Structure formats: structure tokens, C-alpha cells
Amino acid sequence: MANDAPYVFAVGILGNLVSFCCFLAPVPTFYRVCKKKTTEGFQSLPYVAALFTSMLWIFYAYIKTGEILLITINAFGCFIETVYLVIYITYCPRKARFFTFKMIFLFNVGVIFLVVLLTHVLAKERTARIELLGWICVVLSTSVFAAPLSIIKVVIRTKSVEFMPITLSLLLTVSAIMWLAYGILLRDIYVTLPNFVGITFGTIQIVLYFIYRKHTPSKDQKLPEHKDNATNEENANTAVSSENHAANSGGFVDIEIGEKKGVKKVEEAQKKQDQTENKTREASTQQVQHN
């Protein structure tokens, strides 16, 4: 088999190491959740999606056989995303808890069961089963790029990279490069395609960072999802994860870590401005009264 070659195995190991770091990116967020005993309005969907794609790629690796490196990283992904979800469910509001359980049963039970059923019903031979499941993985993994598009839109609109940490963007892009190389060496188009898209979006984020890194956000800029709910979501990130974790979850994690940080800074600046205006108004009132 192609993956018996030492250099293919080495690339797969590097992909595992980088993806491992990506999976751990939300740890500070959940440490804060445990410490404050509140989810602060974060949403669980990125972590549900991360668990879903990890489960999907494990099934693909199982059907294909011999893909131990895909199984190891996605098994860890399933474990860590489950931990994140348990913490979230423990501290989230009742309404959010109900929504999270609904999404888990919909995607991680319902859709996974449907994929397994369709794979065995529509494809009788192993080769046909691998092709069908591979394209399902490609379509579902690529579909999560709505998250990177979201943060890219925010950066362009605000002309600020406060919402997009460059270190994580680089890490996720490197992860996509590793898994793209692994897919090419294996001649596995189903591993290659999502990571090609991941590299494209990662490159766009890095380019935007260097374009806007010296810009400061406007005082009235605020993320759309925070206009009605100031502590809406840290969107992970995510952390939509699979063997090509960067390609599938980069955006979620970027928004998760960067979006909340950026909004907090903007809100603090707005609060300081309001305080200054109030002091000025009070001073003017006192002067008028004195006159």
C-alpha cells in the first residue's frame, strides 16, 4: 500500500501533530467557562459539527482500511469534542442545552446513521462504497467553510484583524498543507480536495492579516451577531475537525478565539467613549448651573 512508504507515514504523523494542536485551541475558552460556570452566550454548533466530521472520517478510514493515521487524529477529535460538549451542556442555559441535544441527535446520531445506511444499501462492493462515502465526506467537510467566510467578511468590513489571530490562521493552514500532501501521496482525492479548499481560505486569511494588521477598528464597529446579543457566540472553530482539521474547522476556531476578543475590545472602547461623553455632559451642566 502507498501509505507503507516511510515518507508518507512521516507526513501523516506531522499532520496528526499539527491537527492535535488545532483540536486543543478551544481549551482556554472552556477553562474560562468552567471557572466562571457560564458559557457567556457561546453556541455549541461548532463543536457538534467538529464531532460529526471526526466521526465521519473515522468511518471512511474504517471502510477504506489501513488508514490508521486518519483514525488516530479523528479518534482524539471525537474525544476532545465530546469533552467540550459535556462542559458546554453542564454550564449552558436551559434553552441552549435543549438546542445542543437536538443538534447532537440530528447530526451525530441521525445523519451518521443515514450515511452508514446509504453506504451499505447503495454500494454493495467495497470500491463503490469507498467512492460513495468519500464524496459524502468531501461535500460535508467542504460545506463547513461558511465559518471562514464569516470571519473574512468581518475582517473586510471592520478593516481590523482583531477578530482573526494570525498564529492560529497559520497553524490551521499548515495543518491543511500537511493533510493535502498526505492525500496527494496516497492518491486519495477525498482527503486532498477539502484540504485544498482549506489552504485557499487559510491563505486568504493570512493575506488579509498583512493588509489590515496596521488598521484600527472603527469605534462603532460591532459584529452583526452581537448587535442584539452582546455575548452571542464564540463560534468555534473549529473547531469543525476531521483528519484535515484545518480545512474543516479552521474558521470555527478562528472566530471562537478571535471574534470574542475583538468584540470585547470594541465594547470596552465604546464604554470608555460613553463614560467620557457623560463626564463632558455633566461638566457642561454644572457650568451652566454655575452661570
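Predicted model: local features only at pLDDT ≥ 70, side-chain atom pairs only at ≥ 80, totals over all residues.
The protein chain holds 10 helices and 0 strands, and 49% of its 291 residues count as buried.

**Helix α9 and its cap**
- The N-terminal end of α9 is capped by D188.
- In this cap, a side-chain oxygen of D188 is 3.0 Å from the backbone nitrogen of Y190.

**Chain as a whole**
- Along the sequence, the secondary structure reads α-α-α-α-α-α-α-α-α-α.
- Among contacts in the protein chain with a separation of 6 or more, 77% come from residues 24 or more positions apart.
- The protein chain has an accessible surface of about 14600 Å².
- Carbon and sulfur atoms contribute 67% of that accessible surface.

- F113, L114, L117, L118, V121 and L122 together make a nonpolar surface patch of about 580 Å².
- One of these patch residues, L114, belongs to helix α5, which runs over residues 94-122.
- L114 has a relative accessibility of 44% and therefore counts as partly exposed, a class that lies between the buried limit of under 20% and the exposed limit of over 50%.

Key: Residues numbered from 1 in each chain as written. Heavy atoms only, no water. Helix = DSSP H or I, 4+ residues; strand = E, 2+ residues; numbered from the N terminus. Buried < 20%, exposed > 50% of the residue type's maximum accessible area, 1.4 Å probe, protein only. Contact = heavy atoms within 4.5 Å. Areas by Shrake-Rupley, 256 points an atom, 1.4 Å probe, with all protein chains shown as cover. Polar contact = N/O pair within 3.5 Å; in protein donor to acceptor, adjacent residues only side chain to side chain. Patch = residues over 30% accessible without salt bridge, like charges linked within 9 Å, V, L, I, M, F, W, Y side chains within 5 Å. Salt bridge = Lys/Arg side-chain N within 4 Å of Asp/Glu carboxyl O.
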